[in-house]
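Keep the viewer open beside the text and follow along.

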Amino acid sequence: MYNEKVVDHFNNPRNVGDLPDADAVGETGSFKCGDTMKLYIKVKDERIVDVSFQTYGCGAAIASSSMLTEIVKGKTLDEAMQVTNQDVAEQLGGLPPLKLHCSNLAADALHNAIAEYRKKQEVAGKG
Amino acid sequence: MNSREVYMDHGATTPVREEVLEAMLPFFKEQYGNPSSVHSKGREVRNAVEEAREKTASALGASPGEIYFTSGGTESNNIVLRGAAKKHEGFGHIITSAIEHHAVLDVCRDLEKEGHRVTFLPVDKYGRLDPSTVEDAITPETFIISIMAANNEIGTLQPLEEIGAIAAKHNIMFHTDAVQVVGQLPVDLKKMQVDFLSLSAHKFNGPKGVGALYKRKGIKIDPLYRGGGQEGKLRPGTENVPGVIGLARALELSVEEIPHKINTLQSLRDKLIEGLLKIDEVVLNGHPEERLPGNVNVSFKYIEGEAILLSLDMEGIAASSGSACSSGSLDPSHVLSAIGLDHQTAHGSVRFSLGRGNSETDIDYVLEKVPAVVDRLRRISPIRRSG
């Protein structure tokens with residue numbers, strides 16, 4: 001059902017866990033299927049220098065989360081905002097059609113994390 | 001890939017046993033005649049099909065004339081429910097349960113759309129139906145009651161004898177989808193007072209694509225198909241001869257072995273349940289005692305079923321799940337929802353269904369592998385126990 005790359009990311013997920021000194025955390029969930037993802041980012045000079053995730057979900061959801069962390073590590077926040085759920089699925093070499101919605105969490109969590117980071121920066125700038 | 005293979009998905013399907021395959025093979029080769037033909041090539045096959053019908057009937061305590069061969073459980077269920085509705089004059093009322101297999105549930109939903117009224121009875125937290133709710137649901141328009149013998153996901157057995165007595169008292173037709181029970185537990189048609197019973201060969205080490213319907217003598221329903229008049233015109237079409245031969249042989253063997261098999265499977269089942277419940281935050285789904293001898297269904301909290309299945313598969317263990325992601329739909333299983341599980345607990349469900357060939361070593365192997373799988377996935381999960 002899943003290709004080797006997906007299975008590899010599921011079995012050996014990259015960047016798992018929380019980041020104790022994260023600058024922002026993005027959370028997202030699918031009410032319908034119940035999947036939940038938390039994405040932690042550490043930012044330096046507008047660049048994602050570290051990233052990690054925690055995911056509750058199926059194989060596709062876990063593999064997508066892992067792949068996303070690989071894609072965005074080292075990217076600037078602007079570049080990271082351009083990453084789509086489709087990019088994640090493509091980098092994984094494709095997902096079964098029924099499983100595409102499971103991969104939709106990853107980029108959403110990332111965008112939420114970046115939005116949170118920017119909001120924090122804004123508040124800090126004003127203060 | 002792991003070299004060890006532990007198959008614990010017998011509720012999905014079972015391997016064809018050697019004796020069954022051997023019995024079937026001649027009917028692919030030299031005994032290829034059409035049972036409806038007049039010549040000897042046909043007549044010898046007719047005799048074999050009728051012998052298979054007799055064996056099937058005797059394994060169930062029925063008469064040969066009450067056995068109709070079909071393509072499986074789904075077709076048997078459709079023939080009964082749609083056939084009874086077709087025979088019924090005007091729109092009537094059907095009583096069934098909320099946890100039926102889709103081959104009953106979805107037929108009932110269709111009949112509802114077509115104008116019949118359907119009551120989907122709720123079950124308790126173990127998946128048991130209260131027979132008094134059946135009696136309370138009966139109306140003058142009720143023409144059929146359809147209740148499964150045992151649930152395919154959680155293994156809960158239904159009080160069929162009590163429901164059968166109620167149906168008989170009110171003179172309403174009674175059907176049971178016994179796909180999960182036939183060949184696993186003794187079936188007593190008289191005690192259950194059923195008018196129809198569906199069964200499927202591949203659930204008891206027979207071939208796929210063949211099943212049977214028991215229809216009590218004298219009970220009338222309309223056929224869904226028209227054709228050459230085979231199977232008492234109820235299921236026309238040239239017989240699946242090798243399949244029918246395989247079904248009868250598999251049924252004969254599995255029914256013979258029931259007394260011995262029940263104890264073996266139950267003790268393996270209970271050992272597996274006991275071991276799994278030792279893991280933190282695991283709950284048993286279904287009834288603790290009134291369950292199929294080979295059914296184990298548990299929910300692992302904070303992790304998702306499909307991810308568990310994939311991880312188990314890497315260890316060579318085959319199981320199934322009622323999670324949304326393993327079903328291909330977005331919703332968790334209707335059975336787990338009907339017994340009151342919240343979405344998350346339903347998503348973390350895994351069914352291990354034991355059968356012929358499973359041994360104590362298999363149970364030990366599964367119990368050795370599962371804790372690590374659960375631990376790994378819980379480490380990935382953001383959901384933590386509260387408090």
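## Two loop residues in chain B

Gln193(B) sits in the loop that links helix H7 (189-192) to strand S7 (196-200) of chain B. Before going further, please bear in mind that this is a predicted model. What is the phi of Gln193(B)? The value is near 50 degrees, which is positive although the residue is not a glycine.

Is Lys233(B) buried or partly exposed? Lys233(B) counts as partly exposed, because 14 C-beta neighbours lie inside 10 Å.

The table sets out their geometry.

| Helix pair | Packing angle | Axis separation |
|---|---|---|
| H8 (residues 241-277) and H13 (residues 360-380) of chain B | about 15 degrees | 10 Å |
| H3 (residues 73-87) and H4 (residues 102-113) of chain B | about 25 degrees | 9 Å |

How do H8(B) and H13(B) lie to each other, roughly parallel or roughly antiparallel? Angles under 35 degrees count as roughly parallel, and H8(B) and H13(B) are therefore roughly parallel. H8(B) makes a right-handed crossing as it passes H13(B). On the H8(B) side, the residues that meet H13(B) are Leu268(B), Lys271(B), Leu272(B), Gly275(B) and Leu276(B). Their partners in H13(B) are Glu360(B), Ile363(B), Val366(B), Leu367(B) and Val370(B). By class, the residues of this contact between H8(B) and H13(B) are 7 nonpolar, 1 polar and 2 charged.

H3(B) and H4(B) are roughly parallel too, and this follows from their angle of about 25 degrees. Their crossing is right-handed. H3(B) brings Gly73(B), Thr74(B), Asn77(B), Asn78(B), Leu81(B), Arg82(B) and Ala85(B) to the contact, while H4(B) brings Ala103(B), Val104(B), Val107(B), Cys108(B) and Leu111(B). The contact of H3(B) with H4(B) is made up of 7 nonpolar, 4 polar and 1 charged residues.

One of the H3(B) residues in that list is Thr74(B). Thr74(B) has 20 C-beta neighbours inside 10 Å, so it counts as buried.

Now zoom out to the domains. Chain B is assigned a domain 1 covering 6-14 + 257-380 and a domain 2 covering 18-253. Their C-alpha centres lie 27 Å apart. How many residues does each domain give to the contact? Domain 1 of chain B gives 25 residues and domain 2 of chain B gives 26. On the domain 1 side, the elements that supply two or more residues are H8, strand S10 (295-300) and helix H11 (334-338) of chain B. That side of domain 1 of chain B holds 7 nonpolar, 13 polar and 5 charged residues.

## Where chain B touches chain A

The two chains also touch. Their contact takes 19 residues from chain B and 18 residues from chain A. Which elements give two or more residues to the chain B side? They are helix H9 (305-314), helix H10 (324-327), helix H12 (343-347) and H13 of chain B. H9(B) provides the largest share of that side, with 4 residues. The chain B side divides into 11 nonpolar, 5 polar and 3 charged residues.

## A buried valine in chain A

The last stop is Val6(A), which belongs to helix H1 (residues 4-11) of chain A. Val6(A) counts as buried because 26 C-beta neighbours lie inside 10 Å. Which residues is Val6(A) in contact with, leaving aside its neighbours within four places in sequence? They are Gly59(A), Ala60(A), Ala63(A), Leu92(A) and Leu95(A). Lys38(A) is 32 residues from Val6(A) along the chain, and the C-alpha atoms of the two are separated by 19 Å.

Key
Residues are numbered from 1 along each chain as its sequence is written. Chains are lettered from A and ligands numbered from 1 in the order in which they are written. This is a predicted model: local features need pLDDT of at least 70, side-chain atom pairs count only at pLDDT 80 or more; totals for chains, interfaces and linings use all residues. Axes are lines fitted to C-alpha atoms, for helices over the stretch in contact, and angles run from 0 to 180 degrees between N-to-C directions. Angles under 35 degrees count as roughly parallel, over 145 as roughly antiparallel, 65 to 115 as roughly perpendicular and the rest as oblique. A crossing is left-handed if the near helix is turned anticlockwise from the far one by less than a right angle, and right-handed if clockwise. Two residues are in contact if their C-beta atoms, placed from the backbone, lie within 7 Å. Ala, Val, Leu, Ile, Met, Phe, Trp, Tyr, Cys and Pro count as nonpolar, Asp, Glu, Lys and Arg as charged, and the others, Gly among them, as polar. A residue is buried if 20 or more other C-beta atoms lie within 10 Å of its own, exposed if 12 or fewer, and partly exposed in between; C-beta atoms are placed from the backbone. Domain bounds come from an automatic or database domain assignment.
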